[in-house]
Amino acid sequence: METELAPQLTAGQLQVLELMLQFEPMKPSDLLPYLETTPAAITTLLDRMERNGLVRRDRDEHDRRIVWVSMTDLGRSEAERGLKIRSDIVSRSLERLSLHNRQLLIYLIGKVAGTWEPPAGSSSQADKGADKPAEASGTASEPAAVSETGAGSEAVNG
């Protein structure tokens, strides 16, 4: 991904711009919980982004100690370009999986994230919060049998 983002953008910078699309303007300290790094590293990252014209820093009008970071027009267009590149990479990667394995992946990610909900009227053990999927379902809404190793009734690689 870094190669496709270059020369204007890095994956870390894309992450900052993506956050700013949601929460702009932000204080540098607002980035800490999302980037899982140090304040010094965020300062260095924002310095580089400002030099490259992706963001700008402005002092708060009422409290000069506060600095607000906003995207520039170039930053906004690079964010859109970067998000498209990432989406294309994910799509290309998922195209290598069979339909069954894509559904299985979505199911498993949903279970790990705690967001997967069974279809209305379903009552298998997996739907009742069990730690592993049901042994076999045969339904289109839930993946077929999956062993502890992740091997299902269909080849996992394909």
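Guide: Happy to. In this predicted model, 26% of the 158 residues of the protein count as buried. The protein exposes about 10100 Å², and carbon and sulfur atoms supply 53% of that area. Six helices and two strands make up the secondary structure, and along the sequence they follow the pattern α-α-α-α-β-β-α-α. Among contacts between residues at least 6 apart in sequence, 47% join residues at least 24 apart.

Now to helix α5, which covers residues 73-95. Its 23 residues should span 33 Å at 1.5 Å a residue, and because the end C-alpha atoms are 33 Å apart, the model agrees with that expectation. Which residues of α5 are buried? They are Gly75, Glu78, Ala79, Gly82 and Ile85. An α-helix has 3.6 residues a turn, so residues three or four places apart point the same way. With that in mind, look at what the buried residues of α5 pack against: α1 (2-5), α2 (11-23) and β2 (67-71).

Let us follow one of those partners, α2. This helix has 13 residues and reaches 18 Å from its first C-alpha to its last, close to the 18 Å expected at 1.5 Å a residue. Gln13, Leu14, Val16, Leu17, Leu19 and Met20 are buried in α2. The buried residues of α2 pack against α5, and also against α1, α3, α4 (39-51), β1 (55-59) and β2.

Side chains of opposite charge can pair when their charged atoms come close. A search of the whole structure finds eight salt bridges. One of these joins Glu18 and Arg86, with the closest N and O atoms 2.9 Å apart. This pair links distant parts of the chain, since Glu18 is in helix α2 and Arg86 is in helix α5, 68 residues apart. Glu18 has a relative accessible area of 27%, so it is partly exposed. Arg86 is partly exposed as well, because its value is 28%.

Another salt bridge pairs Arg76 with Glu24, and here the closest N and O atoms are 2.9 Å apart. Arg76 lies in helix α5 while Glu24 lies in the loop between α2 and α3 (32-35), so the pair links distant parts of the chain, 52 residues apart. At 31% relative accessibility, Arg76 counts as partly exposed, and Glu24, with a relative accessible area of 28%, is partly exposed too.

Thr72 is found in the loop between β2 and α5, and it counts as buried because its relative accessibility is 17%. The side chain of Thr72 reaches the backbone nitrogen of Gly75 at 3.0 Å, and Gly75 is one of the buried residues of α5. Leaving out residues up to four places away in sequence, Thr72 touches Gly53, Leu54, Val55 and Arg56.

Ser70 belongs to strand β2, and at 8% relative accessibility it counts as buried. Apart from its neighbours within four places in sequence, Ser70 is in contact with Met20, Glu24, Pro25, Leu54, Val55 and Arg56. Some of these names have come up already: Met20 is among the buried residues of α2, and Glu24 is the salt-bridge partner of Arg76. Arg56, touched by Thr72, forms a salt bridge with Asp58, the closest N and O atoms being 3.2 Å apart. Arg56 counts as partly exposed at 39% relative accessibility, as does Asp58 with a relative accessible area of 33%. Elsewhere, salt bridges that share partners join Asp47, Glu50 and Arg57 into one network.

Leu105 has its place in helix α6 and is partly exposed, with a relative accessible area of 33%.

Methods: Residues numbered from 1 in each chain as written. Predicted model: local features only at pLDDT ≥ 70, side-chain atom pairs only at ≥ 80, totals over all residues. Heavy atoms only, no water. Helix = DSSP H or I, 4+ residues; strand = E, 2+ residues; numbered from the N terminus. Buried < 20%, exposed > 50% of the residue type's maximum accessible area, 1.4 Å probe, protein only. Contact = heavy atoms within 4.5 Å. Areas by Shrake-Rupley, 256 points an atom, 1.4 Å probe, with all protein chains shown as cover. Expected span 1.5 Å × (residues − 1). Salt bridge = Lys/Arg side-chain N within 4 Å of Asp/Glu carboxyl O. Polar contact = N/O pair within 3.5 Å; in protein donor to acceptor, adjacent residues only side chain to side chain.
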